[in-house]
2 protein chains.
Amino acid sequence: MAATIKDIAQKTGLGLATISSYLNGGNVREKNRVKIEEAIRELHFEINETARGLKTNTTRTIGVVIPELNSVFCAKVIGRIEDTLRKHGYALMICDCRTDKVREREAVEFLMRKRVDGLINMPVDGKGRHLEKFRRTGKPVVLIDREINGLGCDSVCADNREAMKEAVKLLVENGHRGIGMVAGTQDVLTAQERLMGYEEACSENGIPLRESYIYSGDCTIESGVLGLETLVRNNPEMTAVVVGNYNMSVGVMIGMNELGLSVPEELSVIGFDNLQFARACRPRLTILDQPTGEIADHAARIMLERLGKTDCAVNAQPYKVRLKTALIPGSSVKKL
Amino acid sequence: MAATIKDIAQKTGLGLATISSYLNGGNVREKNRVKIEEAIRELHFEINETARGLKTNTTRTIGVVIPELNSVFCAKVIGRIEDTLRKHGYALMICDCRTDKVREREAVEFLMRKRVDGLINMPVDGKGRHLEKFRRTGKPVVLIDREINGLGCDSVCADNREAMKEAVKLLVENGHRGIGMVAGTQDVLTAQERLMGYEEACSENGIPLRESYIYSGDCTIESGVLGLETLVRNNPEMTAVVVGNYNMSVGVMIGMNELGLSVPEELSVIGFDNLQFARACRPRLTILDQPTGEIADHAARIMLERLGKTDCAVNAQPYKVRLKTALIPGSSVKKL
């Protein structure tokens, strides 16, 4: 027979209210805390979180909807968020929507039925229609790697425009003017911003924009391969390529290998993300590295704040956190 | 006011038992199913899964404990398991234990308190002590990429010994005899089996085993780098290296780059896993590729069977599924 809260009351001589307060994370005198914890250990008491969920209308779980668990960026960020939230007693329920808007909406509805206390989302639907119903519950939504205008959600992203401007600037400083871009899905703000950074840097440096220099991919490895092949075929005079996300950077390196092009002699490349991948490339790839640890820490902190689990005052306005990327030099940029 | 099961009964004229049976996945006549689904739509009825959990003593969630979410193998397998289980109404709660036995035990206890219906684990503790308490609940445990002798759990892994034998055999066929191995953590069965495969293949081919040819890493990228550096320093006559997991394969390629060694001229390499990484390597890496999709599908199927959610008879004996890896040729093996 499992021990109940009444058994703890009997054992400690404390009132049910005190014990309940302890179990729900409230303030309890030090002396009583020690007594309760002793009794919990001795009685092998375990909280029935399901029962508690019904009473407090919380489940102490946070839903996570991401495009692809099998993405180093997502896995790193979510792994670290999980770490922090677990320390506060929260579990994550993670749904992978395979970069599909219909699946994304289904995942959010699924998590609503699971009565999650909050949602962390890296949205595929750039308009955020899949979030409307959840938003009406009044529960917090924190977006990572995306911002959706007009939705009023908190968001944590890298400063994508500045990142891409910096990459183009480095190429220009090395004498490049024929610079192509393998860009991501253009209905996603992050990808738009990266493209915008590319365009701004070109115009600031007096480089005319050419449509044939921009390939719009869908952020997959295969679209990186195809993007590189297309840009090379259509622009024989091109000397450098910048890439709009990690998967497409892997794809561009595959494309370089499979076309037998040498880096940086025949084409200079600046990739997006993943230091370890950059180190394994030959020659080492120059990359824009996102601050995944910081992104995760901000997202977790904001979620805990919204759940009322931190001491800081709750910000009435949505947070729009923007974090700086780092340009990490490799040997993939040629001095012309 | 949210609609209840009674509202559905009133609307459809059906009994509560029929509707309850429908909601819990039982058999209901086609005619009644249509009626119930119409009523659910019209009344915007939503199941309160928390309340249901308390009544049925199930939560329709499966706990997952893995060493590292930020591992392509884990992310691929878990992403696909999530897909299948979600179709059956199950959510995954995923805990990443950072390859730490203490955190692993804490994660299992955390998920027990969350009353998960079953557990999927890629154990760090090769003895499985962290699972003992959970096993006593009688709920199913499915191990992936690991087997623990004597624990009586279902398990799904690649045939690691055969995989590594095949890699060494390919090197021998190409004239190599000085073959080193960067092996994984030796308290994990999978890593032991891969090392065993290496040793068997050596002795079958009359190659004497030398201690200095085996580096015991800990399955991280950094230990791959260090492993390669150590083997190269201690064995100048070595002509080839096989690697015991994906992260260490990335590390070995980083090490080759950072030591300025050319593949395969100075050293032939056979890596473990990840076709896309192999394609991005220059020259393309020859690899042993694990059947991640099949591993995920077997694990999900076994879990559903144990939960009583499939039609097949429940197997009384634990499953020990072993799946064949593929040796995918690249250009990283030199013919001597």
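A crossing of two helices is called right-handed if the near helix is turned clockwise from the far one by less than a right angle, and left-handed if the turn is anticlockwise. In this predicted model, α10(A) passes α11(A) in such a right-handed crossing.

**Helix pairs in chain A**

The axes of helix α10 (residues 221–234) of chain A and helix α11 (residues 246–259) of chain A come within 6 Å and cross at roughly 50 degrees, which makes α10(A) oblique to α11(A). On the side of α10(A), the contact involves Ile221(A), Ser223(A), Gly224(A), Val225(A), Leu228(A), Glu229(A) and Val232(A), while the residues they meet in α11(A) include Met248(A), Val252(A), Ile254(A) and Leu259(A). Sorted by class, the contact of α10(A) with α11(A) has 10 nonpolar, 5 polar and 1 charged residues.

A second pair is formed by helix α5 (residues 72–87) of chain A and helix α13 (residues 292–306) of chain A, which pack at an angle of about 40 degrees with their axes 8 Å apart. α5(A) and α13(A) are therefore oblique to each other, and their crossing is right-handed. Among the residues of α5(A) in this contact are Phe73(A), Val77(A), Arg80(A) and Ile81(A), and among those of α13(A) are Ile295(A), Ala296(A), Asp297(A) and Leu304(A). The contact of α5(A) with α13(A) has, by class, 9 nonpolar, 3 polar and 3 charged residues.

**The sheet of chain A and its helices**

In chain A, 6 strands form an open sheet with mixed pairing, in the order β7-β6-β8-β9-β10-β12. β7 (214–216) and β12 (326–328) of chain A stand at the edges with a single partner strand each, so one side of each has no neighbour in the sheet. From one strand to the next, the twist averages 15 degrees. Within this sheet, strand β9 (residues 268–272) of chain A pairs with strand β10 (residues 286–289) of chain A in the parallel sense over 3 bridges, and Ile270(A) has Thr286(A) as its bridge partner in β10(A).

| Helix | Strands touched | Angle |
|---|---|---|
| α8 (160–173), chain A | β6, β8, β9, β10 and β12 of chain A | about 165 degrees with β9(A) |
| α9 (189–204), chain A | β6, β7, β8 and β9 of chain A | about 170 degrees with β6(A) |
| α10 (221–234), chain B | β6, β7 and β8 of chain B | about 155 degrees with β6(B) |

**Chain B and the relation between the copies**

The sheet of chain B is likewise open and mixed in its pairing, with 6 strands in the order β7-β6-β8-β9-β10-β12. Its edges are β7 (214–216) and β12 (326–328) of chain B, each of which has a single partner strand, so one side of each is left without a neighbour in the sheet. Strand β9 (residues 268–272) of chain B and strand β10 (residues 286–289) of chain B pair in the parallel sense over 3 bridges, and the bridge partner of Gly271(B) in β10(B) is Ile287(B). Helix α8 (residues 160–173) of chain B lies across β6, β8, β9, β10 and β12 of chain B and runs at about 165 degrees to β9(B).

The same surface serves both copies, as 98% of the contact residues of chain B recur in chain A.

Conventions
Residues numbered from 1 in each chain as written. Chains lettered and ligands numbered in written order. Predicted model: local features only at pLDDT ≥ 70, side-chain atom pairs only at ≥ 80, totals over all residues. Heavy atoms only, no water. Pairing = 2+ DSSP bridges. Helix = DSSP H or I, 4+ residues; strand = E, 2+ residues; numbered from the N terminus. Axes fitted to C-alpha atoms, helices over the stretch in contact; angles between N-to-C directions. Contact = heavy atoms within 4.5 Å. Parallel < 35°, antiparallel > 145°, perpendicular 65-115°, else oblique. Nonpolar A, V, L, I, M, F, W, Y, C, P; charged D, E, K, R; others polar.
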